[in-house]
Amino acid sequence: MRSIPCLLALGLSLFCPPPQALEIEKIQLPDMGDSAGAIISPLQEKEFGEAFFRNLHRQAEINQDVEIQQYIENIGRQLASHSDTPSNPFHFFVVMDQNINAFAGPGGYIGVNSGLILLTEAESELASVMAHEIAHVTQRHLYRSIEKASKLSIPTVAATLAAILIGTQSPNMGQAALMAIQAGNIQFQIDFTRDHEKEADRVGMQTLAESNFDPRAMPAFFEKLQQSTRYYGKGVPEFLRTHPVSENRVADTRGRAEIYPYRQYPDSLAYQLTKAKLAVVTAKDPKAAMQHFATLEMQGTSEQRAVARYGMGLVQLQNLQFAAASQIFQQLAEQYPNQPQYIAALARTASESHDYEKAGKLYEAALARFPNNDALKIEYTRSLLKGSRAERAKQVLQSLSDGQKDQPFYYELLAQIFADLKQPGESHRYTAEYYYASGDTESAIMQIRLAKQQPDLSFQLQAILNERLNFFLSEEETRRAER
């Protein structure tokens, strides 16, 4: 497997490792816009971002675990609120991929790969990467060297970005997708620039420090990544010769970091728990994962040892060792009653062992204490569906915060709820929304047509189905016309 040089598109920086070493390559995808410098409207920018995110679901595995999602959103919001444009809309998410990637797309969509999170040794290192990506967005790097965007539709641009992203991880698929786009005589300009990276470092450093994270984590993490480039030997890609994580870049960020007074920046418990969960979810060898956490349990603070026990419990739950997992989570929930992750893990264990009555009691008690916790609500909804309690599942799901109601899993759960409630028209409708949110417009059209075939549809539902079908068909026709 060859190494893929990093590109910059839309102010996007991706980090991807070589086959034999952890490595970060700055990717800059082609900035898109017209040569006269016309500014994209806020509405168009929003639509670009949403279309890009939908297409990304087809090309990469986007995390659907709401606990992990809540953590990355919280740290992202903390940073964004101290950026130079805090009113800018941002959307943070995790890509389940072991490659060391992070990227900023249109509309403020910022993704971080699970591999990068696991590589970090301190929360401030993760925050430094996210602050850098936030700076790409706030400094409008997406729109600085763009060409011919006025001639491109939103679906085409979104598909192009997704294709380029595939190209960094699966060269054959990415090249095929780009060739299909080029066959439609659509041209893109790829612009490699160090200035964007320097500016993102400088602005990101300020955001990092003002958000109560360690500014010294940025040069420390860059240095770690810079050292890893040595594994390439003589075969260093051309991009690393022109856009390396260089000694100068490390020195520049270190010099800026030294301006700030030194102090300790302890990691949050949420960061530790997120890393533990990701380590288990992405582990290829459960025995090695268990040994890893067993070693950690023998060292560190009491809180860190508790996180290690949490990891061990997750491994046991994954291996269907319900009694052992339940014992660990019960102890943790009693020891740390204000930590919802431990209570959720205990309830999840009961649900996966088919003790839905116990799971229901645990979830209800947990939601009484943490009424705004969306992760608990999602897990409880899934448990209720397994226990054939669709009406209660509907009530719980509808109490989610608005920010969760545009995610694919939300529509997927609604579709299952209405199927259990014997309302096939609504079930097909929300299955269509699930496919559309996942970037599959053709399947969405098919589901809407199936919904329209159901008997006894209300006038209101018929109107909704007609409107959505026309919308999906229009978007699909535009996409096909530009192939």
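**Close-up views of a predicted model**

**View 1. Helix H22, residues 459–481.** Helix H22 comprises 23 residues and reaches 33 Å from its first C-alpha to its last, close to the 33 Å expected at 1.5 Å a residue. The expected span is 1.5 Å times one less than the number of residues in the helix. Helices (H or I, at least four residues) are DSSP runs, numbered from the N terminus. The buried residues of H22 are Leu461, Leu465, Arg468, Leu469, Phe472, Glu475 and Glu476; buried denotes under 20% relative accessible area, exposed over 50%, and partly exposed the range in between (1.4 Å probe, protein chains only). The model is predicted: local features need pLDDT of at least 70, side-chain atom pairs count only at pLDDT 80 or more, and totals for chains, interfaces and linings use all residues. Residues are numbered from 1 along each chain as its sequence is written, and side-chain values use heavy atoms, with hydrogens and water left out.

**View 2. Helix H2, residues 66–80.** The 15 residues of H2 reach 20 Å from first to last C-alpha, close to the 21 Å expected at 1.5 Å a residue. H2 is mostly covered, with 12 of its 15 residues buried; among them are Val66, Glu67, Ile68, Tyr71, Ile75 and Leu79. At the start of the helix, a side-chain oxygen of Asp65 reaches to within 2.9 Å of the backbone nitrogen of Glu67.

View 3. Ser114 counts as buried because its relative accessibility is 1%. Leaving aside residues up to four places away in sequence, Ser114 touches Val94, Val95, Met96, Asp97, Gln98, Leu278 and Thr282, where contact means heavy atoms within 4.5 Å.

**View 4. Ala294 in helix H12.** Ala294 belongs to helix H12 (residues 286–296). With 24% relative accessibility, Ala294 counts as partly exposed. Ala294 and Gly311 stand 17 residues apart in sequence and 8.9 Å apart in space, C-alpha to C-alpha.

**View 5. The largest nonpolar core.** Of its 54 residues, Tyr310, Phe329, Tyr342 and Leu397 touch the most other members. The largest share of this core, eight residues, comes from helix H19 (residues 408–420). Apart from this core lies another, of 36 residues, including Ile68, Ile75, Ala102 and Leu225. A nonpolar core is a set of buried Ala, Val, Leu, Ile, Met, Phe, Trp, Tyr and Cys residues joined through side-chain atoms within 4.5 Å. Among the residues that Tyr342 touches, not counting those up to four places away in sequence, are Leu269, Leu273, Tyr310 and Phe329.

Terms used
Helix = DSSP H or I, 4+ residues; strand = E, 2+ residues; numbered from the N terminus. Polar contact = N/O pair within 3.5 Å; in protein donor to acceptor, adjacent residues only side chain to side chain.
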